[in-house]
Amino acid sequence: MKIYNVSDVEFRKYGKILKGYDFTALLRAMRHTPVPEGVVYVPSVEELEAPDIAKELQNKEFGGLPIQIGYCNGHNKKLNAVEYHRNSEINIAVTDLVLLLGCQQDIEEDFTYDTSKIEAFFVPAGTGIEVYGTTLHYAPCNREEAGFQCIVVLPRGTNTELSFSVKKTGEEKLMTAKNKWLIAHEEAAIKDAFNGLKGENIQLR
């Protein structure tokens with residue numbers, strides 16, 4: 001599939017590049033984080049939340065709401081699932097990486113989604129982007145064999161364990177964590193997830 005750059009016009013419906021920030025302290029702190037053969041996601045890391053840039057992101061990008069800063073690292077080449085939140089997500093590429101993105105508006109009434117509508121975007125190392133709340137996304141893909149590292153900024157509590165029960169009907173059946181609605185591909189075999197992705201489980205070559 002064609003891989004666009006986040007600087008291309010095609011990215012505008014999914015998000016925007018963040019400008020005017022110095023991510024040096026966050027990028028430095030990420031040197032100590034592991035890059036497993038699979039994918040690891042940690043919602044909140046104290047070392048990432050300590051620098052002054054954390055307060056700057058909280059105030060400018062989330063209007064002062066409490067945030068969490070964590071990371072998603074590893075090796076991945078497949079779509080496997082898409083998720084969305086009720087808010088934007090900030091991604092800061094520590095390494096070069098590729099995001100597979102779609103639009104929440106293209107989810108069908110039965111909560112299935114056609115993977116042929118997914119588009120791929122290259123995010124150069126050191127680039128920070130806002131991914132809009134209506135953008136379907138999941139774990140990044142790596143361009144290099146060494147894997148990928150990505151800083152993830154979200155409202156505090158997002159992607160943490162549910163503390164309440166959800167029904168297995170309607171949109172509720174997509175909720176797998178707090179502020180996280182997920183549609184999986186059956187090939188990914190994600191436990192307790194709704195397998196609503198139709199078509200190819202997209203893989204980068």
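Trainee: Which residues does Phe164 touch, not counting those up to four places away in sequence?

Mentor: Phe164 touches Met175 and Lys178 on that count, where contact means heavy atoms within 4.5 Å. Keep in mind that this is a predicted model, in which local features need pLDDT of at least 70 and side-chain atom pairs count only at pLDDT 80 or more, whereas totals for chains, interfaces and linings use all residues. Residues are numbered from 1 along each chain as its sequence is written, and side-chain values use heavy atoms, with hydrogens and water left out.

Trainee: Where is Phe164 found?

Mentor: Phe164 lies in the loop between β13 (148-155) and β14 (175-177); strands here are DSSP runs of E with at least two residues, helices are runs of H or I with at least four, and both are numbered from the N terminus. The C-alpha atoms of Phe164 and Ala177 are separated by 9.8 Å, and these two residues are 13 residues apart along the chain.

Trainee: And what is the relative accessible area of Phe164?

Mentor: The value is 44%, so Phe164 is partly exposed, a class between buried (under 20% relative accessible area) and exposed (over 50%), using a 1.4 Å probe and protein chains only.

Trainee: How many residues of β13 are buried?

Mentor: In β13, 8 of the 8 residues are buried, so this strand is largely enclosed by the rest of the structure.

Trainee: Which strand pairs with β13 over 8 bridges?

Mentor: That is β4 (residues 67-74), which pairs with β13 in the antiparallel sense, pairing being assigned if DSSP finds at least two bridges between two strands. Within β13, Gln149 has Asn73 opposite. Strand β6 (residues 89-93) also pairs with β13 in the antiparallel sense, over 4 bridges, and Ile90 stands opposite Val153 in β13.

Trainee: Changing topic, how many helices and strands does the protein chain have?

Mentor: The protein chain has 3 helices and 16 strands. Its radius of gyration is 16 Å, close to the 17 Å that the globule rule gives for 205 residues, so the chain is as compact as a globular protein of that length; the radius is taken over C-alpha atoms, and the rule is 2.2 Å times the number of residues to the power 0.38.

Trainee: What share of the 205 residues is buried?

Mentor: Buried residues make up 51% of them. As for contacts with a separation of 6 or more, 78% are accounted for by residues 24 or more positions apart.
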